[in-house]
Amino acid sequence: MSDLGYRDGANYLKEHLQSVFGENMTIFTGYHQAPKSLDRWYIEPDGSLRPNSGDLAAEVVSPPLPAAEAMAALRTFYEKAHELKLYTNNSTGLHINVSIPDTLDVLKLAVFAGDQYVL
């Protein structure tokens with residue numbers, strides 16, 4: 001994918017996702033090009049993504065969120081993705097990190113880990 005194609009796609013995503021997630025969105029031109037701020041959303045290229053012919057690909061990264069906010073953001077993102085006709089294929093995935101800040105969010109850990117003993 002060309003840099004220009006990625007930038008066009010990233011700008012399109014930013015334009016449409018800012019209305020949902022706010023102005024705190026940054027476009028990276030390289031994968032993990034800089035340390036991320038914990039209060040921003042990011043759009044960045046990911047060389048492992050293989051879009052269908054003629055389409056563009058980008059990774060959308062949220063800031064760390066408490067469990068309830070993360071689930072709400074995910075639902076909102078899916079609704080917006082459906083509206084924009086975004087899609088996933090066998091090269092895409094959903095990555096959920098369980099952050100360990102000053103205090104552990106045990107609910108988030110249990111929900112996302114799905115561990116039968118923790119639940």
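This is a predicted model: local features need pLDDT of at least 70, side-chain atom pairs count only at pLDDT 80 or more; totals for chains, interfaces and linings use all residues.
Trainee: At 47% relative accessibility, what does Tyr78 count as?
Mentor: Tyr78 counts as partly exposed at that value; under 20% relative accessible area is buried, over 50% exposed, partly exposed in between (1.4 Å probe, protein chains only).

Trainee: OK. How many aromatic pairs does the structure hold?
Mentor: There are 3 aromatic pairs, counted for Phe, Tyr and Trp rings (the six-membered one in Trp) with centres within 6.5 Å; planes under 30 degrees apart are stacked, over 60 edge-to-face, the rest tilted. One of them joins Phe28 and Tyr42, a tilted pair with 4.9 Å from centre to centre and 50° between the planes.

Trainee: Where do Phe28 and Tyr42 lie?
Mentor: Phe28 is in the loop between β1 (25-27) and β2 (41-44), and Tyr42 is in strand β2, so the pair ties together parts that are 14 residues apart in sequence. Strands here are DSSP runs of E with at least two residues, helices runs of H or I with at least four, numbered from the N terminus.

Trainee: Are those two buried or exposed?
Mentor: Phe28 is buried, and Tyr42 is buried too.

Trainee: Back to Tyr78. Which ring does Tyr78 pair with?
Mentor: The partner is Phe77, with ring centres 6.4 Å apart and planes at 55°, so this pair is tilted.

Trainee: And what lies over the face of Tyr42?
Mentor: Lys36 does, at 5.8 Å from the ring centre. The cut-offs are NZ of Lys or CZ of Arg within 6 Å of the centre and within 35 degrees of the ring normal.

Trainee: Which residue forms a salt bridge with Lys36?
Mentor: Glu44 does, with the closest N and O atoms 3.4 Å apart; the limit is 4 Å between a side-chain nitrogen of Lys or Arg and a carboxyl oxygen of Asp or Glu. Glu44 is buried, with a relative accessible area of 0%, whereas Lys36 is partly exposed at 28%.

Trainee: How many salt bridges are there in the structure?
Mentor: The structure has 2. Glu83 and Lys80 also meet in a salt bridge, at 3.2 Å from N to O. Both lie in helix α2, 3 residues apart, about one turn of the helix.

Trainee: Is Glu83 buried or exposed?
Mentor: Glu83 counts as exposed, at 53% relative accessibility. Lys80 is buried, with a relative accessible area of 12%.

Trainee: New topic. Which residues make up the largest nonpolar core?
Mentor: It has 11 residues in all, among them Tyr6, Leu13, Phe21, Trp41, Ile43 and Leu65. A core is a set of buried Ala, Val, Leu, Ile, Met, Phe, Trp, Tyr and Cys residues joined through side-chain atoms within 4.5 Å. At least two residues of this core come from each of α1 (3-21), β2 and α2 (67-84).

Trainee: Which element gives the most to this core?
Mentor: That is α1, with 5 residues.

Trainee: Last one. Where does Leu94 lie?
Mentor: Leu94 is in the loop between α2 and α3, and counts as exposed at 52% relative accessibility. The C-alpha atoms of Leu94 and Glu59 are separated by 9.9 Å, with the two residues 35 residues apart along the chain.

Methods:
Residues are numbered from 1 along each chain as its sequence is written. Side-chain values use heavy atoms; hydrogens and water are left out.
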